[in-house]
There are 12 protein chains.
Amino acid sequence: MTSHVYKHIELTGSSVESSDDAVRQAIAKAAQTIRGMRWFEVVETRGHIDADAVAHWQVTIKVGFTLEN
Amino acid sequence: MTSHVYKHIELTGSSVESSDDAVRQAIAKAAQTIRGMRWFEVVETRGHIDADAVAHWQVTIKVGFTLEN
Amino acid sequence: MTSHVYKHIELTGSSVESSDDAVRQAIAKAAQTIRGMRWFEVVETRGHIDADAVAHWQVTIKVGFTLEN
Amino acid sequence: MTSHVYKHIELTGSSVESSDDAVRQAIAKAAQTIRGMRWFEVVETRGHIDADAVAHWQVTIKVGFTLEN
Amino acid sequence: MTSHVYKHIELTGSSVESSDDAVRQAIAKAAQTIRGMRWFEVVETRGHIDADAVAHWQVTIKVGFTLEN
Amino acid sequence: MTSHVYKHIELTGSSVESSDDAVRQAIAKAAQTIRGMRWFEVVETRGHIDADAVAHWQVTIKVGFTLEN
Amino acid sequence: MTSHVYKHIELTGSSVESSDDAVRQAIAKAAQTIRGMRWFEVVETRGHIDADAVAHWQVTIKVGFTLEN
Amino acid sequence: MTSHVYKHIELTGSSVESSDDAVRQAIAKAAQTIRGMRWFEVVETRGHIDADAVAHWQVTIKVGFTLEN
Amino acid sequence: MTSHVYKHIELTGSSVESSDDAVRQAIAKAAQTIRGMRWFEVVETRGHIDADAVAHWQVTIKVGFTLEN
Amino acid sequence: MTSHVYKHIELTGSSVESSDDAVRQAIAKAAQTIRGMRWFEVVETRGHIDADAVAHWQVTIKVGFTLEN
Amino acid sequence: MTSHVYKHIELTGSSVESSDDAVRQAIAKAAQTIRGMRWFEVVETRGHIDADAVAHWQVTIKVGFTLEN
Amino acid sequence: MTSHVYKHIELTGSSVESSDDAVRQAIAKAAQTIRGMRWFEVVETRGHIDADAVAHWQVTIKVGFTLEN
């Protein structure tokens with residue numbers, strides 16, 4: 001890890017299943033265009049309510065990935 | 001959404017199952033007296049420990065609902 | 001609870017299963033050396049990404065326990 | 001001001017005009033049911049974007065009002 | 001505490017005596033309309049100055065109470 | 001909104017007119033290269049002072065936009 | 001800007017017109033005694049409510065100015 | 001209060017008596033050189049420990065005073 | 001103070017008397033096992049409410065002590 | 001600076017030398033793909049420990065650059 | 001330290017050498033007009049970038065000094 | 001890193017040389033009693049001023065180490 005430089009991006013994923021699944025959705029989507037993702041950090045957990053119940057979870061994460069040469 | 005005014009309240013739900021379920025419990029309870037809930041945001045996740053294990057999760061959320069005419 | 005004094009420690013647990021399970025792992029490990037744990041509070045939720053997916057969750061908690069006489 | 005007790009509520013107002021106007025909308029709406037409002041504090045300024053422009057401003061305020069006898 | 005849901009409100013009490021007394025004033029006033037208060041947390045401690053001395057203390061607290069069935 | 005993933009970017013716009021106009025300038029500029037912007041949040045409001053008056057406002061916003069398929 | 005040292009002060013301006021005007025009022029007043037003001041940053045936006053409307057805006061800013069030789 | 005501009009300063013007072021008294025000490029000292037103090041806000045409460053007991057309290061406050069014409 | 005290294009711990013003391021006394025209780029208890037305590041900082045002030053009054057104050061402090069050779 | 005719009009990115013640089021050098025490494029790496037960088041702000045300073053000593057410093061910075069026409 | 005009252009000011013120093021040197025520059029400059037400085041705390045570390053390298057470091061510190069009789 | 005649990009402690013190191021050296025001093029001292037330190041994070045950078053110059057730097061770090069079996 002000594003000589004790497006990392007860039008961070010912020011994403012919001014959503015899921016009708018769970019807050020953890022919203023994180024997984026965000027990472028899966030980001031993987032279509034970003035290589036070298038190494039870690040994430042949860043920034044915010046929110047959600048929409050419909051008919052007096054959680055309709056879907058929305059979790060915002062910061063993702064760090066290696067700037068490749 | 002243009003002309004609505006929202007009011008926010010803060011609730012703590014608890015659950016022996018999971019942190020996500022504590023959120024659902026808080027919303028279900030609030031639905032008995034509040035109409036028009038639209039979104040929530042997790043403010044704090046805590047819990048009680050009994051016999052060296054999580055006895056129940058306590059999650060505090062902020063809930064926004066429409067002020068109706 | 002009137003006359004107790006509590007001490008707090010900060011721990012990070014990890015799990016390949018879920019964020020909630022990472023909390024349980026941290027508490028189970030701490031129970032090997034600490035008695036009287038009463039509550040926890042989630043301080044930070046992070047994780048490692050491998051092959052474009054969550055490899056494991058890392059959740060940092062603050063744990064309060066009674067200073068015994 | 002010596003012997004009053006104040007209660008605070010949190011509201012989000014919206015406006016297509018300006019961020020200041022969103023504050024005024026929230027206060028005007030709250031005035032329909034709350035008496036004795038004395039001050040506000042801006043908590044968050046957000047907005048929706050439509051067709052590459054600000055569609056409306058959404059400003060969240062905390063409002064303090066006197067608990068009357 | 002397992003199955004309760006708590007609601008939080010925010011109050012500011014004032015006192016010419018002390019900061020602790022301002023907390024007690026806020027709770028005493030709130031008790032006229034709210035049942036089941038369980039805990040409080042100090043959010044902010046301020047005060048007014050008159051003639052180069054503290055005229056009264058103003059302490060803002062968050063109070064949690066049980067939503068009764 | 002159920003299945004979208006959002007990416008957030010941070011921008012600073014400036015304006016000699018007003019703080020609101022600085023937000024609009026940032027969004028107008030970003031629209032030249034980004035599609036699908038949905039919301040913004042004000043992160044910081046600053047400005048430069050020249051000749052004892054506000055020379056221009058500088059407002060930093062976080063903008064969320066849909067990651068398209 | 002290489003060799004300057006800046007000092008910061010904190011001011012609250014007020015205006016019946018707008019939040020931006022409260023910033024301008026604070027800077028105009030400070031200009032009577034301070035030279036070399038370069039930038040400001042909004043720290044807090046509050047206001048007083050009278051007769052269910054905004055009576056005046058109160059905006060707190062931090063101002064940086066050059067320590068002259 | 002409509003047309004005033006306030007300046008804020010930050011002070012730390014100390015007292016062997018109590019945290020409230022440390023606030024009073026700071027205000028009494030500042031009154032020797034500053035006129036027009038109106039309010040204070042507690043920023044930090046610390047203290048020194050000597051021989052396993054509180055030797056003195058140190059409370060940092062922000063004080064607002066009117067800029068006079 | 002030049003060559004010392006300090007370690008910090010976090011404690012919560014409680015008191016039926018006052019918030020200041022809760023700090024003193026925490027330090028007195030910690031003194032049974034820790035030598036060389038030098039300073040404290042108040043992190044959080046909370047309390048329990050019973051019968052519509054403060055039952056006891058709970059104050060969390062961070063305490064610094066010298067790592068002895 | 002009147003009419004520019006800035007974009008911010010977040011980077012983590014690392015160095016075995018010093019925390020300042022980790023900032024320089026991040027900027028040097030980013031310069032391979034980004035033009036018009038104007039300022040940075042340190043967000044977080046961390047590091048890895050190996051054999052009871054700092055193995056390398058990891059400093060996260062936010063960098064602002066001009067969006068060119 | 002028992003009976004002193006401290007005042008705090010906020011300064012930004014700059015240096016082409018290092019972040020530590022920017023702190024020293026701010027203190028050296030302030031020493032021309034302020035007596036009795038006792039401690040400082042780093043509030044923010046920023047810098048300007050020119051030609052893809054750090055042109056100078058800008059470090060903001062809070063400085064405490066004794067209010068003399 | 002999958003199955004480890006980490007504990008965090010907070011330390012303040014000091015140095016007459018530099019802020020980076022204060023970090024190294026804290027880690028060297030802690031190494032006398034703690035095994036398995038893996039990372040640190042800078043929490044606060046302060047210092048004492050004597051004769052209008054930095055007398056020594058005081059840097060507070062959080063250190064994470066592996067709880068061994």
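The model is predicted; local features need pLDDT of at least 70, side-chain atom pairs count only at pLDDT 80 or more, and totals for chains, interfaces and linings use all residues. Residues are numbered from 1 along each chain as its sequence is written, chains are lettered from A and ligands numbered from 1 in the order in which they are written, and side-chain values use heavy atoms, with hydrogens and water left out.

The interface of chain K and chain L is described next. Here 13 residues of chain K are in contact (heavy atoms within 4.5 Å) with 13 residues of chain L. The two chains bury about 1200 Å² between them. Buried area is the accessible area (1.4 Å probe) that two parts lose on being put together, summed over both. Carbon and sulfur atoms account for 56% of the area between chain K and chain L.

One salt bridge is counted between chain K and chain L. The term requires a side-chain nitrogen of Lys or Arg within 4 Å of a carboxyl oxygen of Asp or Glu. K:Glu41 and L:Arg46 form a salt bridge, with their closest N and O atoms 3.2 Å apart. Six residue pairs, both at pLDDT 80 or more, are in polar contact between chain K and chain L. Such a contact is a pair of N or O atoms within 3.5 Å; within protein, one must be able to donate a hydrogen and the other to accept it, and residues adjacent in sequence count only if both atoms are side-chain atoms.

On the side of chain K that touches chain L, helix H1 (19-30) and strand E2 (37-50) of chain K each supply at least two residues. Helices (H or I, at least four residues) and strands (E, at least two) are DSSP runs, numbered from the N terminus. E2(K) gives the most to this side, with six residues. By class, the side of chain K that touches chain L has nine nonpolar, no polar and four charged residues. Ala, Val, Leu, Ile, Met, Phe, Trp, Tyr, Cys and Pro count as nonpolar, Asp, Glu, Lys and Arg as charged, and the others, Gly among them, as polar.

E2(K) is joined to strand E2 (residues 37-50) of chain L by three bridges, and the strands run antiparallel. Strands pair if DSSP finds at least two bridges between them. K:Trp39 has L:His48 as its bridge partner in E2(L).

The interface of chain C and chain A was treated in the same way. Chain C places 13 residues in contact with 13 residues of chain A. The buried area is about 1200 Å², with 56% from carbon and sulfur atoms. C:Ile49, C:Asp52 and C:Trp57 supply 48% of the area that chain C buries against chain A, more than any other three residues.

The rule finds one salt bridge across the interface of chain C and chain A. The side chains of A:Glu41 and C:Arg46 meet in a salt bridge at 3.3 Å, N to O. Six residue pairs, both at pLDDT 80 or more, are in polar contact between chain C and chain A. Strand E2 (37-50) and strand E3 (53-66) of chain C are the elements that give two or more residues to the side touching chain A. E2(C) gives the most to that side, with six residues. The side of chain C that touches chain A comprises four nonpolar, five polar and four charged residues. Strand E2 (residues 37-50) of chain A runs antiparallel to E2(C), joined by three bridges. A:Phe40 is the bridge partner of C:Gly47.

Chain I supplies a further view of strand E2. Strand E2 (residues 37-50) of chain E pairs with strand E2 (residues 37-50) of chain I in the antiparallel sense over three bridges. E:Phe40 has I:Gly47 as its bridge partner. Strand E2 (residues 37-50) of chain H also pairs with E2(I) in the antiparallel sense over three bridges. There, H:His48 stands opposite I:Trp39. Within chain I, E2(I) pairs with strand E3 (residues 53-66) in the antiparallel sense over twelve bridges. I:Glu44 has I:Thr60 as its bridge partner in E3(I). The hairpin of E2(I) and E3(I) has two residues between the strands, and I:Ala51 takes a positive phi near 55°.

Some chains do not touch. The nearest C-alpha atoms of chain D and chain I are 15 Å apart. For chain F and chain L, the corresponding distance is 23 Å.
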